[in-house]
Each structure stands twice: as C-alpha cells, then as structure tokens.
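Please keep the structure in view while reading.

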Amino acid sequence: QPHVGLFWCGAVGILYPLVFVTLTLLFSTFASNALAAILAFVCYGLGVQETNMRAFATLQDLPNLKSFADVVSCAIPVTRISRWMDHVDGMTSPLGRFQNISGMVEKTATSGDFGYLALYLFGVFLLAAVVFHRRDV
C-alpha cells in the first residue's frame, strides 16, 4: 500500500525551491548574479535556523533573540514549510529534542501557514517585478 504522506511531502516540498528562487529573483534585481545567490543562501540558512534560535533564546532567556526568530519566521518562512512536511508525513520532527527545554513549545503546522506562504511568494515576486521595472526604465 502506498504511503500517501510521502506524496504530500513531495507536493509541499516544492515550496522550498519556490521560496529560494523568489528570494534570488528579488536580490538579482539590484545585485549581481553571484551576490544574489549568496544573499539567498544566507537568508535560507537563517530561515532554517529559526527553531534553533527560538530554543537557544528560551534556554538562555534571551528575549531579543526570540524577537529576531519571530522576524526571521516572517521574512524567510522556510520553517513553516518544514512544519507542514512533518504534519503531512505524520512523523515527529527531528528537532523534537527541544520539547524537553523548559518553556520551549515547538510550533505546529496551521492552515494559516499556507496562506502566509502564498502571500509571501506573491508579495516578494511582486516587489521584485516593481524593483526591476523601476531599474529598467
């Protein structure tokens, strides 16, 4: 019997390159190709570390780092995709080790995450088009 969760993980996984390509497109409107790719990799790396930042901020009682993790979550929504990958597959997150930290509660996937991702992708693409249009004129 096929594992349906694996199919849905593949469907949700398509969002990872969409976020990366959209960020690269935005950065390429004002930077060289190499710099745009580097900036996109840096942003992507920050987005992946959101859960780690949140756990470290809770463990060390660093409210500024927790606020920075919230900003990263909004600016680079990679962790939202990761939460949905865990949700549709029905598996526990490999980051489940943070559940033992006092006060640390890992966020769960919500339907609002997909709405936010759609708006994010559309908004960043639109911003890239506007910046490209102004630069091209």
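A crossing of two helices is called right-handed if the near helix is turned clockwise from the far one, and left-handed if the near helix is turned anticlockwise from the far one by less than a right angle. In this predicted model, helix 2 passes helix 3 in a crossing of the right-handed kind. The angle between helix 2 and helix 3 is about 135°, and their axes lie 8 Å apart. Helix 2 is therefore oblique to helix 3.

The residues that form this contact can be named on both sides. Helix 2 contributes Y16, F20, L23, T24, F27 and S28, which meet A36, A37, L39, A40, F41, C43 and Y44 of helix 3. By class, this contact has 11 nonpolar, two polar and no charged residues.

Helix 2 also packs with helix 1. Helix 1 (residues 4-13) and helix 2 (residues 15-28) form an angle of about 5°, with 5 Å between their axes; helix 1 is therefore roughly parallel to helix 2. Here A11, V12 and G13 of helix 1 meet L15, Y16 and P17 of helix 2.

The largest nonpolar core has 23 residues, of which V19, L23, F27, I76, I81 and Y120 touch the most other members. Two or more residues come from each of helix 2, helix 3 (33-48), helix 5 (63-75), helix 6 (78-89) and helix 7 (111-136). Helix 2 gives the most to this core, namely six residues. Beyond its neighbours within four places in sequence, L23 is in contact with A40, C43, I76 and Y120.

How values were computed:
Residues numbered from 1 in each chain as written. Predicted model: local features only at pLDDT ≥ 70, side-chain atom pairs only at ≥ 80, totals over all residues. Heavy atoms only, no water. Axes fitted to C-alpha atoms, helices over the stretch in contact; angles between N-to-C directions. Helix = DSSP H or I, 4+ residues; strand = E, 2+ residues; numbered from the N terminus. Parallel < 35°, antiparallel > 145°, perpendicular 65-115°, else oblique. Contact = heavy atoms within 4.5 Å. Core = buried A, V, L, I, M, F, W, Y, C linked by side-chain atoms within 4.5 Å. Buried < 20%, exposed > 50% of the residue type's maximum accessible area, 1.4 Å probe, protein only. Nonpolar A, V, L, I, M, F, W, Y, C, P; charged D, E, K, R; others polar.
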